[in-house]
Amino acid sequence: RNGYRIVERAIPVQESELKGEPYRDRAPKSGCCGLGELLKLEGWTMEEYFKVLMLDMDTVMAHQVDELWRSDLRCIWTVSGGDTSEALQGGMVMIKPSRQTYEDILK
């Protein structure tokens, strides 16, 4: 099924629930959105789709992404250029949804 939909959800993890370094210290103030980046985890729950592509509103796709749709990888994401200070980077994330993976990540 092709198309898009807008989904409103709460951030799935609160600061007090973060486990382990470096996320507990860095994630809440990382990047532009801090824990808001974790909203992209909700894409894992959209099992009615074969793949889910999540983009930040300021992401520019300079080339076709057909290769990403054909990939067998479960998760493809962007990295921050040379900036390694971000604990979370979610400019572009493509996943094969799986409720089990979602649950495993939240553990």
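Student: Where is Glu8 found, relative to helix H1?
Tutor: Glu8 sits in the segment before helix H1 (23-26). Keep in mind that this is a predicted model.
Student: Is Glu8 buried or exposed?
Tutor: Glu8 counts as exposed because its relative accessible area is 77%, and the cut-off for exposed is over 50%.
Student: And what separates the C-alpha atoms of Glu8 and Glu42?
Tutor: A distance of 9.7 Å, although Glu8 and Glu42 are 34 residues apart along the chain.
Student: OK, switching to the sheet. What's the strand order?
Tutor: The order is S1-S3-S2, in an open sheet of three strands with antiparallel pairing. S1 and strand S2 (75-77) are the edge strands, each pairing on one side only. From one strand to the next, the twist averages 10°.
Student: How many bridges join S2 to S3?
Tutor: Three, and S2 and S3 run antiparallel. Within that pairing, Cys75 is opposite Ile95 in S3.
Student: Now the core. Which residues touch the most other members of the largest nonpolar core?
Tutor: Val52 and Ile95, out of 14 residues in that core. Strand S1 (52-55) and strand S3 (92-95) each contribute at least two residues to this core.
Student: What is Val52 in contact with, leaving aside neighbours within four places in sequence?
Tutor: Val52 contacts Gly43, Met46, Val93, Met94, Ile95 and Pro97. As background, nonpolar side chains tend to be buried together in soluble globular proteins.

Terms used. Residues numbered from 1 in each chain as written. Predicted model: local features only at pLDDT ≥ 70, side-chain atom pairs only at ≥ 80, totals over all residues. Heavy atoms only, no water. Core = buried A, V, L, I, M, F, W, Y, C linked by side-chain atoms within 4.5 Å. Buried < 20%, exposed > 50% of the residue type's maximum accessible area, 1.4 Å probe, protein only. Helix = DSSP H or I, 4+ residues; strand = E, 2+ residues; numbered from the N terminus. Contact = heavy atoms within 4.5 Å. Pairing = 2+ DSSP bridges. Axes fitted to C-alpha atoms, helices over the stretch in contact; angles between N-to-C directions.
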